[in-house]
Amino acid sequence: MKKPSFTALLYRELLLLKKSLLIGSIGALIFILFPVLILLSFRFGNLKLIIPEEAVSGSMTIIKLMPVMSASLFAMLPSETATNDITKPVWDYFRRSTQASALRLSLAKTVISVIGIAISLIISIPLTYIIAYASGTEVTGNDIGLSLLFIAFMSLMSVVFGASIYFFKSVDKGGLVMTGFMFAFVFGFMAPITGELTKMPPGHAMRDAIMETHLNNVISTLAPFTPLMLMGVILIQFALFLFIFKRREK
Amino acid sequence: MDIILSNSSEEPIYQQIISQIKAQIMNGTLTAGDALPSMRVLAAQLQISVITTKRAYEELERDGYTYSVPGKGCFVKGQNTDFLREETVRQTEELLKKACEKAKTCNLSADDLKEIIDMLYGGEI
Amino acid sequence: MNDYVNAIEISGLTKKYDGFTLDNVSFNVPKGSIMGFIGQNGAGKTTTIRALLNITKCDSGSIKMLGLDHVQNEYEIKEHIAAVFDEIPFHEGFNAVQVGKMFRGLYSGWDEKKYYEYLDRFSLPRKKKIAKFSKGMKMKLQISTALSHGARLLIMDEATTGLDPVVRNEILDIFREYLQDEENSVLMSSHITSDLDKIADCVTFIDKGKILLTGYKDEILENHGILKCSKEDFKEIASEDYISARVTDFSVEAMVSDRAEAKRKYSGALIEKTNLEDIMLFYVNREKKEWS
């Protein structure tokens, strides 16, 4: 399988990844700098004087999520280039005039996806520590678990995005479907605790506590499955690529 | 070797090439043993199809003006120019015979015909 | 590589779409020649080429390229062919050097030296991003890659469309050079018939999915002619003797497909040479018979 054309395809995918890496890195930097600065301001700076303690702890979850979000960006980058190939078929027509098979192309793209996910995972660790340090908390197993789950989730979303673009033939519809999926997940996440939440008036400290406990529960149940989930996502993505690039127009 | 093609002439291009090469062989510009450019080079230079030059070369060889050496190209055949000239004169006579027959059918006199020939030589028709 | 007479042999190619059918398309591209594939937009040129490259599957028919079956020997064939499209397939963020590196891995016959020679010849910058290239430069880049891996068959799909005459001429010269080697062949689809008037050895004309004409360009141009006469005289011309006629207030122009016969039958009528564009115009209107 490691015949010349595979390396050529891989080279192309790597070049494309390199280009989006730059943008991704800048985005990630902003996603990190911003919360860090806010947190430091909470603890040592001006914001401490303005905002009461209770509000801070509530938004802590969201702030903790920010490094994870920036890390998971890297997992989504490969799918951005993949969607390009799906919406503009010229590259694939050209590819079909060469010996490069759909199998090799799918493999090359999957390798890049794996690289993207790997970068996300690796980056998320120092980022989690930075945020923890900035907020003055300890890094817990749950934090790591949260990162892993989030990255797996976003990878799945990017696959959904790519698939929707292909099947619905439009980027807008693809975005809609992906948003739909995300809402479904959030809904599924919130469902077990909506009952309890409605009993409490908004702004009550108990709300945050319920949320946090629920979140931790979810994380501890699901986190061990992350490797499996990631593998599943990668396999689905590979199969999807194969399907798209092998399928000859009717 | 000079080849000048006219797009507006009714004469097909391959015919023009044949006539011009024949003329150059007969007036000595091209001599026995001279190599003709390859069909493809000629086609590329004149910006015409190689099928055209191929056709011209094939006819030249058929009529005995050139011969080809496989792998080397086309060469001008040693000519008995007098014999060739005689042959062409004979062909011209044949054509004139046909012209005279036609002229008679519409009552053109020999003088009328001579006038027309003068005009043709002068390039006025 | 085996010996073959025709670089491309298409026989009975049929493909049905919604609202369009490629109907029994057959033609050959002799080795060493350049075939001009002409037709209107939507006539079926691109569909045929996609079938050639196995991008679309055909309902029936057989295709042979370089003497080999296009499905069974697809892998072998693709080492020796090059396809050029009207849009550049390489990502716009790449530069010529990166494209070259990618090609190095795609073809075992990749000749990097030749590639750079072409780049220099076309004055293409090596490190500039493709996005900054003009349309002509993008096409020249594609052609540089196509000619640098020893391809025996060049397939161009509307590749000169949208280019200015100077660039088009440069490209035609490159093709003439490419054809100096008799083992090379070119299939070129275009609706710019003036280019094909100049360079094509053979011509295939497709209209609404059907092949109307195929053969040597010289023969086709010699056999066809435009008969010009008055509307009165036109009445004497039999319907089967012309393809279609353009009727104006002052005269009639009719396309005949057998010039010699027409000269004989309608002696005295003015019958002029024609070109591929006229042939296309008159044939496209063949069902209307008389048009203006």
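Mentor: Start with a term: two strands pair if DSSP finds at least two bridges between them. With that in hand, C:Lys228 has C:Glu253 in S13(C) as its bridge partner. Keep in mind that this is a predicted model.

Trainee: Which strand is joined to S13(C) by 5 bridges?
Mentor: That is strand S11 of chain C, residues 225–229, and S11(C) and S13(C) run antiparallel.

Trainee: And how many bridges link S12(C) and S13(C)?
Mentor: Strand S12 of chain C, residues 245–247, pairs with S13(C) over 3 bridges, again in the antiparallel sense. C:Arg246 stands opposite C:Glu253, and C:Ala245 is opposite C:Ala254. S12(C) and S13(C) make a hairpin, with 4 residues between them.

Trainee: What holds paired strands together in general?
Mentor: Backbone hydrogen bonds, in either a parallel or an antiparallel arrangement.

Trainee: Is S13(C) mostly covered or mostly open?
Mentor: Strand S13 of chain C, residues 252–256, is mostly covered, with 5 of its 5 residues buried.

Trainee: Which residues of S13(C) point which way?
Mentor: C:Val252, C:Ala254 and C:Val256 point one way, while C:Glu253 and C:Met255 point the other way. All of them are buried. In a regular strand, side chains alternate between the two faces of the sheet.

Trainee: What is the strand order in the whole sheet?
Mentor: The order is S14-S11-S13-S12-S15 in chain C. The sheet is open, has 5 strands and its pairing is mixed.

Trainee: Which strands stand at the edges?
Mentor: Strand S14 (270–272) and strand S15 (290–291) of chain C do. Each has a single partner strand, so one side of each has no neighbour in the sheet.

Trainee: Changing topic: which chains have the most contacts between them?
Mentor: Chains A and C, among the 2 pairs of chains that touch. Their contact takes 23 residues from chain C and 20 residues from chain A.

Trainee: Which elements of chain C give two or more residues to that side?
Mentor: Helix H2 (74–79), strand S6 (81–84) and helix H3 (96–106) of chain C. H3(C) supplies the largest share, 6 residues. By class, the side of chain C that touches chain A divides into 10 nonpolar, 7 polar and 6 charged residues.

Trainee: How far apart are the closest C-alpha atoms of chains A and B?
Mentor: They lie 28 Å apart, and no contact joins chain A and chain B.

Trainee: So where does chain B touch chain C, and with how many residues?
Mentor: 8 residues of chain B are in contact with 10 residues of chain C. On the chain B side, H2 and H3 are the elements that give two or more residues. H3(B) gives the most, with 3 residues. That side of chain B has 4 nonpolar, 3 polar and 1 charged residues.

Trainee: At what angle do H2(B) and H3(B) pack?
Mentor: Helix H2 (residues 39–46) and helix H3 (residues 50–62) of chain B pack at about 125 degrees, with their axes 8 Å apart. H2(B) and H3(B) are therefore oblique to each other. Their crossing is right-handed.

Trainee: Which residues meet there?
Mentor: B:Met39, B:Arg40, B:Leu42 and B:Ala43 in H2(B) meet residues of H3(B) including B:Val50, B:Lys54 and B:Tyr57. The contact of H2(B) with H3(B) has 5 nonpolar, 2 polar and 2 charged residues.

Notes:
Residues are numbered from 1 along each chain as its sequence is written. Chains are lettered from A and ligands numbered from 1 in the order in which they are written. This is a predicted model: local features need pLDDT of at least 70, side-chain atom pairs count only at pLDDT 80 or more; totals for chains, interfaces and linings use all residues. Axes are lines fitted to C-alpha atoms, for helices over the stretch in contact, and angles run from 0 to 180 degrees between N-to-C directions. Angles under 35 degrees count as roughly parallel, over 145 as roughly antiparallel, 65 to 115 as roughly perpendicular and the rest as oblique. A crossing is left-handed if the near helix is turned anticlockwise from the far one by less than a right angle, and right-handed if clockwise. Two residues are in contact if their C-beta atoms, placed from the backbone, lie within 7 Å. Ala, Val, Leu, Ile, Met, Phe, Trp, Tyr, Cys and Pro count as nonpolar, Asp, Glu, Lys and Arg as charged, and the others, Gly among them, as polar. A residue is buried if 20 or more other C-beta atoms lie within 10 Å of its own, exposed if 12 or fewer, and partly exposed in between; C-beta atoms are placed from the backbone.
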